[in-house]
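The entries follow in the order I took them.

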Amino acid sequence: MYYLGIDLGSSSIKIALVEQSSGKKVAIGQEPENEMSMQAAKLGWAEQEPELWWRLVCQGIQRISKENNVSSDKILGIGIAYQMHGLVVVGADGKPLRNSIIWCDSRAVGIGDKAYAELGEENCDSMLLNSPGNFTASKLAWVRENEPDVFAKVHKFMLPGDYIAYKLSGKIASTVSGLSEGIFWDFSKNQVSNDILDYYGIPENMVPDVVETFGDQGKVSSMGAKESGLLEGTPIVYRSGDQPNNALSLNVFNPGEVATTGGTSGVVYAVTDNLSVKECSRVNNFAHVNYRPDKHIRIGKLLCINGSGIQYRWLLNNLDVSSYEEMNDLASEIEIGSDGVCVIPFGNGAERMLNNQDIGTRIVNLNLNRHSKAHLCRSALEGIAFSFVYGIEIMRSDGIQTKVIRAGNDNLFRSSIFSNTIATLIQEEIEIYNTTGAIGAARACSISDFGHDKFQSYMYNDHVLTYMPYKDIEPYREAYEKWKNELQLILKTK
């Protein structure tokens, strides 16, 4: 018997099958093989077609079932993870009224900034734990202001994962975690925020029903079964945005536990039981997957670093090297501190943790007579690692206590230089696991059926290694302080 996980990203959709008894991965599929298209009618816009998501989900389910000879009656539950902060609006017939405005679309930034000022920063911080920013509520307000004919036809708004669950079940619903990531949730009253609805002119009847993150979220309908190949009546028992789900995949549920990823962009996601916020202009705060109003306060603090793996990939594409492995080998030839070379890796747009400044990438102190591509490789790994440490320092100033840090066995965390630099500077172990968001979404089904202990047992065979902090921290601290000094000089000139 099996659980099925769906991970709806903006570049692809991944489908995972895991064994119900052991949590062991059976297979992971991806649709499409390359990348999904993204539409940008204007600079800063990013849209995708919800029906394309659905077609690819159905295609992926059918393919993975066929290739692994798994009949639909063997799938016991469905878990869904999805790209956060997107907007889907449907009419009374349940059909999308326009393309989804997805997470990286920036058209609503001004609307959110204005709301933050007019609703009051202190009110937003205490009620929403965030600025309304460029999140789903602000995107819906953009539709109201700029596409009134569309807005007049809106029956319900949804997040991307809500739409997939709706297509499977025919039931329109969301979760507290989902509504909080859209900045629709009032943590002070434990309800949908009337202040946001009133300010943005969003009727309350547009809000989807609220279901538990783990539990009965609907069952596959006859139409959902016909189109997906699943068995009618198969339960949907979990859904979450991608970053809370990545944390879940790494068994990060409780205060002091931190999940981090080092892909194209980097993420530090820390769990706390504290509703107070100091850095909400630089750190986002959402209800974690195990948040329970008035019972179990679990807030996920999310810090994003845009200039992360994309910096290392740029070097791969522009240096005379053949692979990341070669780059890592070259970097290992150079001493800590890269002989003074500093890479400031923020060349992927405005950085929220730098108060939305766009400072670009800087390569500082490069000596053309002494330094080589090996120095560039080492200084890039160190610079990206330093940016993670800088972000963790911001989160610690916001009350986060780091007890354990976990990461997937992919991308930057495969580099011992990168991982050891972070572990040593923050003096915490970093545990590396073989898991993915799609596998986590599938395994999460077990929480509804058996509780957290069963889910945790799945993790035992996933552990790859643990990076231990070095005792000799001084060379790392000296290099980090030099990097911070260079960063501060740049920030002062902007």
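I call a residue buried under 20% relative accessible area, exposed over 50%, and partly exposed in between, using a 1.4 Å probe and protein chains only. The model is predicted, so I take local features only at pLDDT of at least 70 and side-chain atom pairs only at pLDDT 80 or more, while totals for chains, interfaces and linings use all residues. I number residues from 1 along each chain as its sequence is written, and side-chain values use heavy atoms, with hydrogens and water left out.

**Entry: glutamine 427**

Glutamine 427 is partly exposed, at a relative accessible area of 41%. Helices (H or I, at least four residues) and strands (E, at least two) are DSSP runs, numbered from the N terminus. On that numbering, glutamine 427 sits in the loop between H14 and strand E21 (430-433). Its phi is positive, about 55°, although it is not a glycine. This comes just after H14.

**Entry: H14**

How many residues of H14 are buried? I found 10 of its 11, so the helix is mostly covered. Among them are Ile417, Phe418, Ser419 and Asn420. I then asked what covers them, taking contact as heavy atoms within 4.5 Å. The cover includes H12, H13, strand E20 (404-408), E21, strand E22 (463-467) and helix H18 (474-493).

**Entry: H13 against H14**

Two packed helices are described by the angle between their axes and the distance between the axes. I used axes fitted as lines to C-alpha atoms, for helices over the stretch in contact, with angles from 0 to 180 degrees between N-to-C directions. H13 and H14 pack at about 35°, with their axes 9 Å apart. On the H13 side I noted residues including Arg378, Leu381, Phe388 and Arg396. They meet Ile417, Phe418, Thr421, Ile422, Leu425 and Ile426 of H14. The contact residues divide into 12 nonpolar, one polar and two charged. Here Ala, Val, Leu, Ile, Met, Phe, Trp, Tyr, Cys and Pro count as nonpolar, Asp, Glu, Lys and Arg as charged, and the others, Gly among them, as polar.

**Entry: H12**

Which residues of H12 (324-332) are buried? I list Met327, Leu330 and Ala331. The buried residues pack against helix H11 (309-318), helix H13 (373-397) and helix H14 (416-426).

**Entry: cysteines**

I searched the whole structure for disulfides, meaning pairs of cysteine sulfur atoms within 2.5 Å, and found zero. The sulfur of cysteine 58 is 17 Å from the closest cysteine sulfur, in cysteine 445, too far for a bond. Cysteine 58 is buried, at 6% relative accessible area.

**Entry: other backbone points**

Most residues other than glycine have a negative phi, and most peptide bonds are trans. Histidine 85 has a positive phi of about 70° although it is not a glycine. I place histidine 85 in the loop between strand E5 (75-82) and strand E6 (88-90). It counts as buried, at 11% relative accessibility. A cis peptide bond joins glutamate 31 and proline 32, with omega about -15°. Proline 32 lies in the loop between strand E3 (25-31) and strand E4 (47-48).
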